[in-house]
Amino acid sequence: MERLAFHEVDRKILNTLAPAGRTYWVIVGLLLLGVIYGYFVVWPYQILTGMGVAGYRPPVLWGAYLVDFVFWIGIAHSGTLISAILFLFRARFRTSISRSAEAMTIFAVLIASLFPLIHLGRFWVFYWIIPYPNQRTLWPDFQSPLIFDFLAVSTYMTASLLFWYTGLVPDLATARDRMTGIRKKIYGLFSLGWSGTDRQWHHYGMSYLLLAALCTPLVISVHSVVSWDFALAIIPGYHSTIFPPYFVAGAIHSGLAMVLSLLIPLRRFFHLESVITIDTLEKVAKTSILMGLIVAYAYVVEPFVAWYSGNVFERQTFLFRAIGYYAPLFWIMAGCNAVAPLFFFIKRVRTSPAWLFAISILINIGMWLERFVIICGSMARDYLPFAWGNYWPNWVDWSITFGSFCLFFFLFLLFVKFLPSIAITELKAEAGAPIRPKEDYHGA
Amino acid sequence: MAHREGLLGLFTYVDDFLFALRGLTSGARKIETVFSPLYIPEIDEILAKRPSRARLITLLGGIGGGLGLLGLAIYAHLSFSLITSGKPVLPWVPWVIVCFEGTILGGVLASVAAWIFLGRLPRRATASGYDPVFSQDRFGVLVACSRSEQEEIRKLLKESGAGEVRNVAW
Amino acid sequence: MLPGSVAGKRRFKGSHLTNLALAILVLTGVVSFVAGVLGKNPLRAWQAYLVNFLFWTGLSCGALVFVAVLNIVGARWGRPLKRFAEAFGAFLPVAFVLFWILYFGRMELFPWIKQPVPDRAVWLNVPFLFARDGGGLLLLTVIALTMIFFSVKGDSEWSASQANSRDATGEDKSSSPWLASWRKQKTLSPILVIAYTFVLTLIGFDLIMALDAHWYSTLLGGYFLVGSFYAGVAALYLIALVMQRTLRPNDYQGERHFHDLGKLTLAFCLFTGYLFYAQFLTIWYGNLPAETRYVILRVKLTPWEPLAWVVLFMIFLIPFFVLLSRRIKLKRVPMILLCLMILTGMWLEKLILVAPSLWRQNEFPLGFTEILITAGYFGASGLCFKCFLSRVPLMPVSDPLFREMIELRQQRLEP
């Protein structure tokens, strides 16, 4: 595959913004139907009838919605990893995938932040969590991990959006200059009148680096805060010091898998094989192995320390995980998350888009199941045997989960058609600004 | 705005472009604006720019954000002291996180404000002398000069390898 | 200038005086250790021994894992440090031997021998503990030495081919023997990292966590291995700074190189601090007696509380704020002092992890005994470092990434 030349970048990437065909709109339409079903039919039904229509059964009072929340926040992490962290490491393979990954982050955080509202029941009182002086003279408890969650996720939403937008502005200017009519006006508006002057680049360059440097610890902190939602509780299976790095590694694991799941079809449909190269996908796969191994480490250490503690409650929780009601889910999860990525050690597997796609789907399923096993499984069997009970998501839970997936793909497909899905300016930087060829000197 | 005029040189090759810039700065010409489709650190070096103030602004924003959110938490806990699980009223241990998130939020907002406003954005129209090719694959330098200097500068630009030299007024 | 022919012959010739000084330190350490063990208060000597063992073993492994990670990601910038890291790893066989001496102090060091915890008896018993920890250390040592062996072998093969052929271009043909050695290093690197993770976790659980009869924390193993890596990186940074004058300055290490090392140290300072906080917050918040007794003893009770704060400042707060500034990272002496502070802090951190579980006396266990035994370990590690370095080329000349790095530097320096 030929490397893209400097002057070809615009045309190649902006071609993806060309008006779409029937298939595209049909798929978008179907996804929109899914979104409407999940969010505008089933959710209002739940609001009007009550939370009891969802699968909640004591003692499991955090069910599929929380699993979805943690899952989508996890997906969001790979975007910032690829954009911000790999930018700081000066890793070149990130260029072609960073913009799509960041877009994934924003959509995933958006979807995730809806779930606390959904599982709140009376979602209109969610504003009670916002810290502002009010006539109730109440303040939220800033010591509660749920408040950290609110602060962390809203900071993450803001930071990702601004980082993504910052990267987009020069690309929007490029699009503005190539288009006509109403599209030119809209892209022009959002490009803020960017002209690529020395003054603008000077400050922009510094800011972009600082934003990347700020987003990196933010990523680690957000999923650590989400893990502390559980770790700061005291039921066995939740209260574990290893949760923050374990969850962060798991989040990056699922995020990278989602990146593979989205970008492999993307590069196929838009014929971007020369831009999103197999080499890039291979590097993503290798990072996946590392994350899989960290998650495997936690799978080994946690049951061991539970046994080592001698605490009968801890021991029974982990025994339940391995051989209890949710045991099949546990073993599928271990297989998908820890074993499946090991296949990436084989060169043939990690350089074949079909295998990469298949294994990435397995990892996504496995990571969803991991959150389910931890969140619902631990609650199902805590201290009092009298209070034990099983939980299974019912049709309401599944509908809204399904709606969330539809929303994610819907937003991503819209993004792909209306905004440049590959960072044009960064791709130009990688192609290298053209230098006068030597023949010119001899000829002159 | 003052009515000015000058020459705009358009370049295809970046080495020609940097050569021209060096020639202009050493000849103490008044470079009004430099256009490029991507960030080129050498341009900042040649134009002898000081490090961007965005760093300082980001730092101040971060400190302000961290202290601000921490201050909010302290005020909230003092005005409504909810004692939970025997924890102190003002617990510094969990508030490391609150301070941290505030710092990041403040830093991010400040950084974005910095590059937008220091870059004199948003603007309704593009900068004077701007040509749409500058967002694609051409580099440009806008030199303010009087009629008498134009011939000399035009020659310098052409010899450096400019593809085109235009008269521009703004 | 080709790096090969010149660098291949360069050795680090430390003076004999240094060797003598290090040997004297080792001797002092041995004497004071034996005197302490046979004296009135053997626990003190054993405690100091254990703390040193954990610190120096962790540091050596951590430094070597740095090389393994560089190999895995194919990074070019850290190549000049490769030999120094391997020199740290040369301490591992000695560490393996020193581990067995812990057997003689087992009655002092392992409270679960005198007061067995029945639930854990199948895990915490003397034969099994020494077998698994010894086995783990052996595995780690073997993998480490094999990797070092191939690294040095590659260099000697490369130098031999330089000496033999007329046109010493040093080109990499695919059949070149040094490339086979390089490939073996690349295969061994992930294996080393995985072994490091599990073995150090095991050591952390057995030699730190088990000293307290009731405490448990899932993250302790991870905390120990990341902290050791942090210490390893700080040690490499220190060596790079100290050796800066010995090596010709612009040959291999530029300003950017030190800046990158500073950034890496900052990253691991943050990572170690994060892991510490993760444990601390979870335990503080849950307030479960089984977990909190360990932490309360160390951060709220005398005599340990001041030490805890000192350690926090030395390994996290001061390095964090200092390493944020770009200018300071480029100044030699402040950075040397900072690295020394980090390493001392990490040693004290091991002390505060281990000692409060064992020490019940009034006197604070930080005095001559500790200093002399530490000196002994320092001497042993230093001797291994010097002996190794004096026998091998100073720069990893057969490493293709090293040569790429040199070529890139030359391209950049040329106008």
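**View 1. Chain C, its contacts and its overall form.** Residues 24 or more positions apart account for 85% of the contacts in chain C with a separation of 6 or more. Two residues are in contact if their C-beta atoms, placed from the backbone, lie within 7 Å. The model is predicted: local features need pLDDT of at least 70, side-chain atom pairs count only at pLDDT 80 or more, and totals for chains, interfaces and linings use all residues. Residues are numbered from 1 along each chain as its sequence is written, while chains are lettered from A and ligands numbered from 1 in the order in which they are written. Chain C has 18 helices and 0 strands. Helices (H or I, at least four residues) and strands (E, at least two) are DSSP runs, numbered from the N terminus. The C-alpha trace of chain C spans about 70 × 45 × 40 Å along its principal axes. Of its 415 residues, 47% count as buried. Buried means 20 or more other C-beta atoms within 10 Å of the residue's own, exposed means 12 or fewer, and partly exposed lies in between; C-beta atoms are placed from the backbone.

**View 2. Chain A, a helical chain.** The secondary structure of chain A is 16 helices and 0 strands. Its radius of gyration is 23 Å, close to the 22 Å that the globule rule gives for 444 residues, so chain A is as compact as a globular protein of that length. The radius is taken over C-alpha atoms, and the rule is 2.2 Å times the number of residues to the power 0.38. Buried residues make up 53% of the 444 residues in chain A.

**View 3. The nonpolar cores.** The largest nonpolar core holds 300 residues. Such a core is a set of buried Ala, Val, Leu, Ile, Met, Phe, Trp, Tyr and Cys residues joined through C-beta atoms within 7 Å. A:I73, A:V259, C:L64 and C:L236 have the most contacts inside the largest core. Helix 3 (residues 42-73) of chain C gives the largest share of this core, 19 residues. Apart from it lies another core, of 9 residues, among them C:W182 and C:F402.

**View 4. Where chain A touches chain C.** The contact takes 21 residues from chain A and 24 residues from chain C. Helix 9 (278-309) of chain A gives the most to chain A's side, with 7 residues. By class, that side has 14 nonpolar, 6 polar and 1 charged residues. Ala, Val, Leu, Ile, Met, Phe, Trp, Tyr, Cys and Pro count as nonpolar, Asp, Glu, Lys and Arg as charged, and the others, Gly among them, as polar.

**View 5. Where chain A touches chain B.** This contact takes 51 residues from chain A and 63 residues from chain B. Helix 7 of chain A supplies the largest share of chain A's side, 17 residues. That side has 26 nonpolar, 18 polar and 7 charged residues.

**View 6. The sheet of chain B.** In chain B, 4 strands form an open sheet in the order 2-3-1-4, with antiparallel pairing. Two strands pair if DSSP finds at least two bridges between them. Strand 2 (30-35) and strand 4 (164-169) of chain B are the edge strands. Strand 2 and strand 3 (residues 139-144) of chain B pair over 5 bridges. B:I31 has B:V143, in strand 3 of chain B, as its bridge partner. Helix 5 (residues 147-160) of chain B packs on the sheet, and its direction makes about 10° with that of strand 1 of chain B. Axes are lines fitted to C-alpha atoms, for helices over the stretch in contact, and angles run from 0 to 180 degrees between N-to-C directions.
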